[in-house]
Amino acid sequence: MEQRFEVYNSAIAKDVAWIPDIAHIFDPDTSLFDLVNGYCEKNQGTSHQEVFRSLELLRGITSNQIGLIELASDLDIETVTEIFIRVNSEGVPLSQADFAMSKIAVNESYGGNTLRKAIDYFCHMAVSPEFYSLVEKNDPQFAGTEYFKTMAWLRKDMEDLYKPSYTDLLRVAFTSEFRRGRLEDLVALLSGRNFETKQYEEGIIESSCRQLRQGVLQFMNETHFKRFIMIIRSAGFVSESMIGSQNTLNFAYILYLTLRRMGIPDADTADQIRREGPQSGRFRIVSGGWLRGDRRERDFLGNKQARLLPYPRVRP
């Protein structure tokens, strides 16, 4: 008998070997005896004792001890990052996107917890459209938000060219909206960091949350997303295997959203994406950053001080 967790999908729903919803196992009123009997009836040949032992082990998760390290609120992001890396050195390395997602989630005052859900749900739904009905059924509060309405188109979407992860979504939304490239800057802004005075201000937290929310909604927008994919496909990239790097699509989408916000006509935007996009070879990843190959453009993400600056001009 296999003991592992998986994200719910339609295949798991049809396979009786899986327990699709483990929430009721932790309900104190649930009888493990009834659960074991029900499972073994559906899965002939399984051992009652082995199933019972597995469910007992699962229930025991609630008794596991979780360590807590409290850090001073005035520590800079570099120090906090170093502490996390050292503590987590034996596990999966944490990225700046992980820190950003955690920072977003804990900020309930400005809707960060809902924004965190929106990012997770969108990325999950982009891969498994059937996840839409699960969210609608199990999270009615979120289902009433603008985020859910904005991503509703995914329930019928079969697109497989661009399946963004939460890191991709954050990078595109942050860079296109804030014109900054480093996700650690996002963490600092969500902490209220004023880069000029080196102080922390509540007003910056509020404005950064509002701006990030706008960037995420722009990323999720059906018209933007589908038109961007249409442009990429029209350039000859009709399958995921033809894209050398996910970052290439991320930065092409950043360019698309930036040009849209600047009011560049659709035809010129599409032409610019095709010319500067994946086929041109002008997107290069350099030390975790991106440099534009065209000398007309300013570089960004190539070093710690780089910024995405206004697009100088677009040739028709």
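Buried means under 20% relative accessible area, exposed over 50%, and partly exposed in between (1.4 Å probe, protein chains only). Glutamate 177 and arginine 261 form a salt bridge, that is, a side-chain nitrogen of Lys or Arg within 4 Å of a carboxyl oxygen of Asp or Glu. The pair links distant parts of the chain, 84 residues apart: glutamate 177 is in helix H10 and arginine 261 in helix H14 (residues 246–261). Helices (H or I, at least four residues) are DSSP runs, numbered from the N terminus.

This is a predicted model, in which local features need pLDDT of at least 70 and side-chain atom pairs count only at pLDDT 80 or more, while totals for chains, interfaces and linings use all residues. Residues are numbered from 1 along each chain as its sequence is written, and side-chain values use heavy atoms, without hydrogens and water.

The count comes to 13 salt bridges. Three of them are listed here with their closest N and O atoms.

| Aspartate 139 | Lysine 117 | 2.9 Å |

Aspartate 139 is buried, with a relative accessible area of 11%, and lysine 117 is partly exposed at 34%. Glutamate 159 is buried at 14%, whereas arginine 233 is partly exposed at 27%.

Methods. Helices (H or I, at least four residues) and strands (E, at least two) are DSSP runs, numbered from the N terminus.
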